[in-house]
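Q: Please take me through this model. I would like to begin with the strands and then turn to the ligands.
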Amino acid sequence: MRTYFLRSFGCQMNDHDAERISALLDGDGLVRVERIDDADVIVYNTCTVRHNADDRLAGHLGEAARVKALDPRRVVVVAGCLPQVEREALFERFPIIDVALGPQHLRELPGALAGRGQRGYFDGEGTLSGELPARRERPFQAWVQVMSGCGNACSYCIVPAARGAQRSRPAAAIVSEVRSLAADGVLEVTLLGQNVNAYGNDLADRVRPTFAGLLRRLDALDGVRRLRFTTSHPRDLSDELVEAVATLSSVCEHVHLPAQSGSDRVLAAMGRGYTMEWYLGRVEALRAAVADIAVTTDLMVGFPGETDDDFDDTLRLVSAAGFDAAFTFVFSPRPGTAAAAMTGAVPPEVARRRIERLVAATQAESRRRHAAAVGTTVEVLVEGASRHGALLRGRSRQNVTVNFSGAAASGAIVPVCVTDSTSTTLRGRLAIR
Ligand code: SAM
Ligand code: SF4
Ligand code: F3S
């Protein structure tokens with residue numbers, strides 16, 4: 001019996017690809033193990049969006065080298081975004097790697113395990129990984145990929161190089177996948193794409209589906225109680241989509257809308273295609289249409305040429321938008337991107353001070369937003385036991401983690417009275433129905 005060990009890094013798209021790697025290897029008769037020492041095949045599904053993601057892989061490969069030294073028949077596989085960008089050079093940097101595959105080439109994995117020598121799979125269109133089977137972590141939640149790649153060219157971002165041009169899956173394939181997930185007991189579906197708002201733009205259909213149109217078709221299916229989607233690009237957030245979030249009962253009251261910066265000058269240099277005024281207008285439209293909507297975001301500091309005034313604009317954006325949560329990053333120059341060649345590098349200690357101030361500002365907003373939920377009753381999909389003692393844990397429709405007392409099965413959808421809050425979680429007790 002052959003065994004495999006799998007670690008995945010990066011975004012939800014990559015986590016979903018890891019589910020496909022699992023399904024492919026399970027289908028090939030391998031058995032997953034939790035300890036690297038027990039594995040015949042060691043798979044790292046990688047991310048390369050920032051430099052520290054690359055560093056993490058280097059650490060893990062050291063561990064793989066240790067166990068491979070004990071048994072040289074072990075196979076080390078590196079999949080995902082890093083090999084697609086580095087290609088054969090990755091084998092030179094890490095001779096320990098036997099197999100390297102880009103994200104569109106996962107289907108080759110079972111065959112690659114049987115080969116000899118170092119083998120790389122990066123060329124050609126490959127398979128839209130959305131079409132491959134996946135092994136879900138929880139029976140009642142599923143990711144569904146609506147598109148691969150990205151049609152934008154944000155000047156700092158390596159994702160288009162790693163994932164290729166935008167390719168939308170036909171609406172019929174997505175509808176049929178969601179229908180069969182629902183029949184299989186899935187209650188919550190998260191639709192994935194780098195810019196779901198541009199879904200369908202690349203399809204040659206006579207009547208192109210819009211993302212809002214896709215949501216309407218999925219909402220009409222029986223069984224799925226919660227529809228989520230990520231990521232939305234602010235430039236492409238249409239009024240039609242705002243209306244879909246407001247009116248479709250299964251679409252959750254949460255939009256992840258990465259702003260990146262509050263400075264129009266920086267936004268232009270990033271190639272984001274909107275201004276702070278446009279961004280705040282979109283947030284206002286969402287809040288006007290959906291009173292209890294949560295808006296979350298990604299923000300970056302230290303983009304080349306960012307001045308103190310630019311950074312102050314980002315702080316102003318944070319207080320004006322009132323984000324429910326924010327992921328904050330320090331700009332990391334990525335090889336081959338336009339921003340990596342820009343002048344005006346921000347000194348690391350300046351970037352560090354800015355990120356500290358930004359984290360404090362976003363946490364204060366999140367704390368304020370979550371405190372406003374105390375005293376209300378929220379709908380929670382139970383995910384299991386909480387890390388905090390005897391409590392249960394689940395997520396609200398706004399995508400906030402809720403720890404609560406009471407008895408409920410995983411996969412149940414229950415009302416919870418909110419009694420307390422932090423900047424990241426809500427706490428409460430099961431409401432009596
Ligand atoms: N497609 C999404 C969008 O357009 O907002 C996000 C994709 S990216 C995987 C997730 C986040 O990583 C981005 O929103 C951005 O804040 C951050 N990011 C991307 N490239 C980066 C870089 N070179 N340095 C620092 N952060 C970066
Ligand atoms: Fe990267 Fe921009 Fe595409 Fe997002 S929209 S994946 S930030 S290029
Ligand atoms: Fe990373 Fe690739 Fe996602 S670079 S953030 S795993 S698309």
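A: Two strands pair if DSSP finds at least two bridges between them, and strands are DSSP runs (E, at least two residues) numbered from the N terminus. The model is predicted, with local features requiring pLDDT of at least 70 and side-chain atom pairs pLDDT 80 or more, while totals for chains, interfaces and linings use all residues. Residues are numbered from 1 along each chain, chains are lettered from A and ligands numbered from 1 in written order, and side-chain values use heavy atoms without hydrogens or water.

Q: Which residue is the bridge partner of S405 in β19?
A: The partner of S405 is R429. The strands concerned are β17 (residues 401-405) and β19 (residues 425-430), which pair in the parallel sense over five bridges.

Q: In which sense do β18 and β19 pair?
A: β18 and β19 are antiparallel and share five bridges. Within that pairing, S421 is opposite L426 of β19. A hairpin through three residues joins β18 to β19.

Q: And over how many bridges do β15 and β18 pair?
A: Strand β15 (residues 377-385) pairs with strand β18 (residues 413-421) over five bridges, in the antiparallel sense. V380 faces V414 of β18 there. β15 also pairs with strand β16 (residues 392-396), again antiparallel and over five bridges, and V382 is set opposite G394 of β16.

Q: What do β15 and β16 form?
A: They form a hairpin with six residues between the strands, and G389 in its turn has a positive phi of about 55 degrees.

Q: Changing topic: what is the order of the open sheet of three strands?
A: The order is β7-β10-β11, and the pairing is parallel. β7 (141-145) and β11 (226-230) are the edge strands, each with a single partner, so one side of each has no neighbour in the sheet. β7 is joined to strand β10 (residues 188-192) by five bridges, and A142 has V189 as its bridge partner in β10.

Q: Now the ligands. Which residues come nearest to ligand 1?
A: Y156, Q194, Q260, D298 and S332 come nearest among the 15 residues around ligand 1. A residue belongs to such a shell if one of its heavy atoms lies within 4 Å.

Q: What are the distances to D298, Q194 and S332?
A: An oxygen of ligand 1 is 2.6 Å from a side-chain N or O atom of D298. A nitrogen of the ligand is 2.9 Å from a polar backbone atom of Q194, and a backbone N or O atom of S332 is 2.8 Å from a ligand nitrogen. The cut-off for a polar contact is a pair of N or O atoms within 3.5 Å. The protein buries 92% of the 560 Å² that ligand 1 exposes when taken alone (Shrake-Rupley method, 1.4 Å probe).

Q: Which domains does the shell around ligand 1 draw on?
A: Domain 2 (136-252) and domain 3 (265-270 + 288-371) each provide at least three residues, with bounds from an automatic or database assignment. Strands β13 (294-301) and β14 (325-330) each supply at least two residues of this shell.

Q: Where does ligand 3 lie?
A: Ligand 3 lies between domain 1 (3-121) and domain 2 (136-252), because both give residues to its shell. Its surroundings are C11, N14, C47, T48, V49, C81, V159, R163 and Q194.

Q: Which residues are around ligand 2?
A: They are C150, N152, C154, Y156, C157, V159, P160, Q194, H233 and R272.

Technical notes
Polar contact = N/O pair within 3.5 Å; in protein donor to acceptor, adjacent residues only side chain to side chain. Helix = DSSP H or I, 4+ residues; strand = E, 2+ residues; numbered from the N terminus.
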